[in-house]
Amino acid sequence: MIQVDKITLNDVERIVLEREKLELSEKRISLVEKSYSFLEGFANTRIIYGINTGFGPMAQYRVSDEDRTALQYNIIRSHSTGAGAPLGEPYVLAAMIARLGTFIQGKSGIHREVVDQLVKYINEGIVPFVPEHGSVGASGDLVQLAHLALTLIGEGEVFYKGELRQTADVLRQLDIKPFGMHIREGLSLTNGTSFMTGIGSLNLIYAKKLFEKSLIAGVMMNEIAGSYDDFMSEVINTVRHHEGQTYVAQRMREISRDSKCMRDREAELYGQIHTEDVFDHKVQPYYSLRCIPQILGPVYDTFVNAQVIVEDELNSACDNPIVDPDTQNVYHGGNFHGDYISFEMDKVKIAVTKMTMLCERQMNYLFHDRINGILPPFVNLGKLGLNYGLQASQFTACSTTAECQTLSNPMYVHSIPNNNDNQDIVSMGTNSALIARHVIENAYQVHAIHFMAIVQAVDALGIADKLSSATRKVYDEVRAFFPKFSDDTPKYKDIERMIAYLKA
């Protein structure tokens with residue numbers, strides 16, 4: 001059981017991917033109740049947006065006291081207008097955690113009943129049906145959050161145990177009552193950045209997992225090529241003062257620590273006399289092998305910064321208005337604006353695309369016998385001409401990498417005024433997070449084919465026993481479900497299994 005106080009990416013991973021239960025700390029429950037109690041008295045005699053006024057451009061119209069409850073239901077029902085495929089269950093769960101993170105700051109003026117309902121849904125695996133499309137990222141994720149809120153009031157549809165069902169039927173089965181409106185629960189549930197933040201959280205978790213596998217692949221590539229190991233030395237990488245590059249080089253040294261495949265430049269080229277005019281072995285390998293610290297360094301730095309931003313957003317009050325019992329005031333502003341997440345997701349997808357481009361170039365090295373000079377074409381272990389190895393798999397990797405490159409155009413700088421120009425500049429943060437998710441999925445596909453090629457290359461050269469203990473472990477894990485092959489067989493199922501392995 002995870003006691004939620006300050007939400008981290010690790011918490012999201014444990015709750016969403018490992019399905020651990022959560023509970024709220026007493027401190028957080030107390031903050032929620034304090035904020036609600038303050039608003040209950042404060043709202044009686046004052047004009048407050050979304051409590052006794054309309055929403056958006058309709059804020060200039062007063063809402064009578066007898067219609068205040070209906071107003072809260074209306075924003076949920078009227079904004080449940082999403083379109084497209086349903087967002088995957090893990091991403092909706094992550095968004096629910098992000099929404100909970102906003103409410104437990106005690107700045108939303110919502111009744112405790114709302115957070116209790118969210119906790120029940122997350123722990124029971126009740127996942128609202130939420131279409132992918134609808135958000136412009138300000139006032140946050142209005143449409144997607146409305147679909148989430150629709151299920152909390154017992155309407156709409158939810159996924160439960162893998163089946164799409166009417167919410168009311170699932171709640172009856174589990175003896176859960178829909179929550180009732182108190183003051184501003186409808187507005188608070190639909191205002192904020194929780195969907196872009198939830199999607200962004202999982203994007204970052206998956207991107208970081210793939211980054212670690214990319215480091216492994218980089219070492220294995222240099223083991224296959226028999227590279228000189230000074231490209232990852234401490235000296236060359238610390239004289240360039242970037243934390244990411246230093247970290248990548250350090251990790252590569254750790255991974256390759258006991259490898260018998262790497263060459264020592266000092267021993268081979270400095271410690272003896274050479275008289276030949278042409279050297280058999282490359283003095284310096286190609287950039288895709290030699291420049292891994294310089295290429296993956298900024299990728300690492302991007303992920304580190306993105307984690308800070310995403311975790312800050314997970315623990316932010318991001319709705320409007322902000323209800324602050326400490327200063328005894330209600331503040332109107334724009335904390336729902338999703339620029340922070342939008343910008344970071346654009347940067348993350350660009351970083352992942354560069355990581356994928358590196359992977360594709362390394363793969364090309366393995367497949368191109370005239371470039372590597374040591375492997376059969378397409379690491380084909382069968383009869384050349386009769387068999388084809390992984391030749392056709394390169395088509396998939398190449399086309400998928402190209403799609404990543406196109407999708408890496410920024411979303412952050414796209415804004416279309418809407419909502420009677422009330423929302424005259426928006427973040428498109430959820431679009432940014434969704435496109436980043438697509439790029440990351442593509443990246444896993446390309447890396448899956450790359451690892452298939454790597455283990456085939458290891459066997460073509462017969463160097464499995466010379467690999468470092470870290471890379472040998474990965475080789476053995478892959479070969480356990482993807483055996484060495486020489487005959488031509490369909491590979492699409494193997495790619496699926498490899499993706500699952502890389503994500504595990």
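This is a predicted model: local features need pLDDT of at least 70, side-chain atom pairs count only at pLDDT 80 or more; totals for chains, interfaces and linings use all residues.
Glu360 is buried, with a relative accessible area of 11%, where buried means under 20%, exposed over 50% and partly exposed in between, using a 1.4 Å probe and protein chains only. Residues are numbered from 1 along each chain as its sequence is written, and side-chain values use heavy atoms, with hydrogens and water left out.

The structure holds 24 salt bridges. One of them joins the side chains of Arg28 and Asp5, at 2.7 Å from N to O. Arg28 lies in helix α2 (residues 26-42) and Asp5 in the loop between β1 (2-4) and α1 (9-17), so this contact ties together parts that are 23 residues apart in sequence. Helices (H or I, at least four residues) and strands (E, at least two) are DSSP runs numbered from the N terminus. Arg28 is buried at 10% relative accessible area, whereas Asp5 is partly exposed at 27%.

Helix α2 also carries Glu33, which forms a salt bridge with Arg112, the closest N and O atoms being 3.4 Å apart. Because Arg112 belongs to helix α5 (residues 112-124), the pair ties together parts that are 79 residues apart in sequence. Glu33 is partly exposed at 36%, and Arg112 is partly exposed at 31%. Elsewhere, salt bridges link Lys34, Lys107, Asp324 and Asp326 in a network.

Helix α9 covers residues 194-225, and its 32 residues should span 46 Å at 1.5 Å a residue; the expected span is 1.5 Å times one less than the number of residues. The end C-alpha atoms are 46 Å apart, which agrees. Of these 32 residues, 30 are buried, so α9 is largely enclosed by the rest of the structure. Gly226 follows α9 and has a positive phi, near 65 degrees.

An open sheet of three strands has the order β4-β6-β7, with antiparallel pairing; two strands pair if DSSP finds at least two bridges between them. β4 (126-128) and β7 (163-166) are the edge strands, each pairing on one side only. Four bridges join β6 (residues 157-160) to β7, and Val158 has Arg165 in β7 as its bridge partner.

Definitions and conventions. A salt bridge is a side-chain nitrogen of Lys or Arg within 4 Å of a carboxyl oxygen of Asp or Glu.
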